[in-house]
Amino acid sequence: MEVPSTAQKSSANAPAATSVVGAVTAGTRALASQLFTFYIRIPVKLFRPTRIDYLALPRAIHPTYQIKPWNIFTHSGPALIAHAVKEHGWQFIPNNILPPLVANSAVGLALYTSYLTSLAILKDDKGGYGMKQSLIAGGVAGGVQSLAAAPIDAIVTRFNAQDVLESNHKSLWRYSAEKLREIGASGVFAGYSLSFLKESLGFAAFFATFEVVKGPWYNKFVKLVYGDQSQPNHQHPGRAVFPSFVLLAGGLSTFALQLVHYPLGKVQRLHFITLEMLYQKHHAPRPLKQGEYIEAYIKTFRKINKLRLRDAKGSWFRWLFGGFFKSTLMAVPSTSIGLVVFEIMRLRYDDGEKPAFTYDEHFYDD
């Protein structure tokens, strides 16, 4: 497999190529999540926490899930889905399993496509890019993703499996549409500033780390171990070297992302709960007033302070980062797999311009 050259493809194909890369990577990301979920029994965090748990309803209708110890033959993802299909028919899958998978993949598609598009726009006159461009493109991609995910977050915040089961909606598609109609635009974007801050800062760090590790770090390693590749007597790196650096970049990128996402995610979840309580207090679908939004932030801070004193012995760091390493380690495997696919697809559909961060293109040859 050869990397396409400029002569083979025109720049007019760039938007289509960007969409292909984004779609394939997002799909692989979703598949990797489901495979790892089967083994560790909880939704895997890939580039971000999974927006909607696709097993929420199957768990809710299973008679022994909360009663008996976990068993692979009765409580794993496939077993839960099989029970749901047995009880409600095959339509349960397109009605209640497919919507979360589509939503999670759509958010990933928005992230990847906006990153590649932003990076292409930000390239310098020589067609290269560096740390500055990666940071900006990552921040833009995170912001776009936060916008795309706002309706999903609004639904998740108000989601109750029992409500779906006892309602006449029959499917998550109709349930979600009804929820969005009820809360309106003001409800969808309530607390959006926290989401935007978390996503833009987090993915700026994520993509910049990824590009640096698989670019300059890889090039320095190759030069140190195999010699200057521009010299005729250099030794060619093995086929496993570059993909190994991509996997390493995935792990370090996940760590960088979680440094931002994990603490701000805790704050955001509490803030969403506070906002929902205010909506219920006012018995409204009406928009909250400016003073009520300020009140929500004050109440959120007070709740965090109480939790800090109760659960973290007064330590802000312990409260914000408690459980950080476990959460991050769970995210690393599938993140790295997703990034390998992302990198292969990006080089596969590259428009021929040589980036500042270079690659071992021989790895992709047949």
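A nonpolar patch, as used here, is a set of Val, Leu, Ile, Met, Phe, Trp or Tyr side chains joined within 5 Å, each residue having over 30% relative accessible area and no salt bridge. Keep that in mind for the second stop. The model on your screen is predicted.

**Stop 1: the whole chain**

Show the protein chain as a cartoon. Its secondary structure comes to 12 helices and zero strands.

The chain exposes about 18400 Å². Carbon and sulfur atoms supply 64% of that area. Of the 366 residues, 47% are buried. Take the contacts with a separation of 6 or more: 75% of them join residues 24 or more positions apart.

**Stop 2: the nonpolar patch**

Select Ile-121, Leu-122, Met-131, Leu-135, Ile-136, Val-140 and Val-144. Together they make a nonpolar surface patch of about 550 Å². Two elements give two or more residues each to this patch: helix H4 (92-122) and helix H5 (131-158). Which helix gives the most to the patch? H5 does, with five residues.

Zoom in on Met-131, which lies in helix H5. Met-131 has a relative accessible area of 40%, so this residue counts as partly exposed. That value also clears the patch cut-off of over 30%.

**Stop 3: Phe-207**

Move to helix H8, residues 192-226, and pick out Phe-207 there. Is Phe-207 buried or exposed? Phe-207 is buried, because its relative accessibility is 0%.

What is Phe-207 in contact with, leaving aside its neighbours within four places in sequence? Select Leu-111, Tyr-115, Ser-134, Gly-138 and Ala-141 to see these partners.

Next, draw a C-alpha to C-alpha distance from Phe-207 to Ala-256. The two are 49 residues apart in sequence and 9.2 Å apart in space.

**Stop 4: the salt bridges**

Side chains of opposite charge can pair when their charged atoms come close. How many salt bridges does a search of the whole structure find? The search finds six. Visit three of these pairs.

Start with Glu-178 and Arg-181. Both lie in helix H7 (residues 172-188). They sit three residues apart, about one turn of the helix. Glu-178 is partly exposed, because its relative accessible area is 24%. Arg-181, at 58% relative accessibility, counts as exposed.

Go on to Lys-198 and Glu-199. This salt bridge has its closest N and O atoms 3.9 Å apart. The cut-off for a salt bridge is within 4 Å, so a value of 3.9 Å qualifies. Are the two partners buried or exposed? Lys-198 is buried, with a relative accessible area of 5%. Glu-199 is buried too, with a relative accessible area of 0%.

Finish with Arg-310 and Asp-311. Their salt bridge brings the closest N and O atoms to 2.8 Å. Arg-310 counts as exposed, because its relative accessibility is 62%. Asp-311 has 46% relative accessibility, so Asp-311 counts as partly exposed.

How values were computed
Residues are numbered from 1 along each chain as its sequence is written. This is a predicted model: local features need pLDDT of at least 70, side-chain atom pairs count only at pLDDT 80 or more; totals for chains, interfaces and linings use all residues. Side-chain values use heavy atoms; hydrogens and water are left out. Helices (H or I, at least four residues) and strands (E, at least two) are DSSP runs, numbered from the N terminus. Buried means under 20% relative accessible area, exposed over 50%, partly exposed in between (1.4 Å probe, protein chains only). Contact means heavy atoms within 4.5 Å. Patches are made of residues with over 30% relative accessible area and no salt bridge: like charges are joined within 9 Å, nonpolar side chains (Val, Leu, Ile, Met, Phe, Trp, Tyr) within 5 Å. Accessible areas come from the Shrake-Rupley method with a 1.4 Å probe; for residues, only the protein chains shown count as cover. A salt bridge is a side-chain nitrogen of Lys or Arg within 4 Å of a carboxyl oxygen of Asp or Glu.
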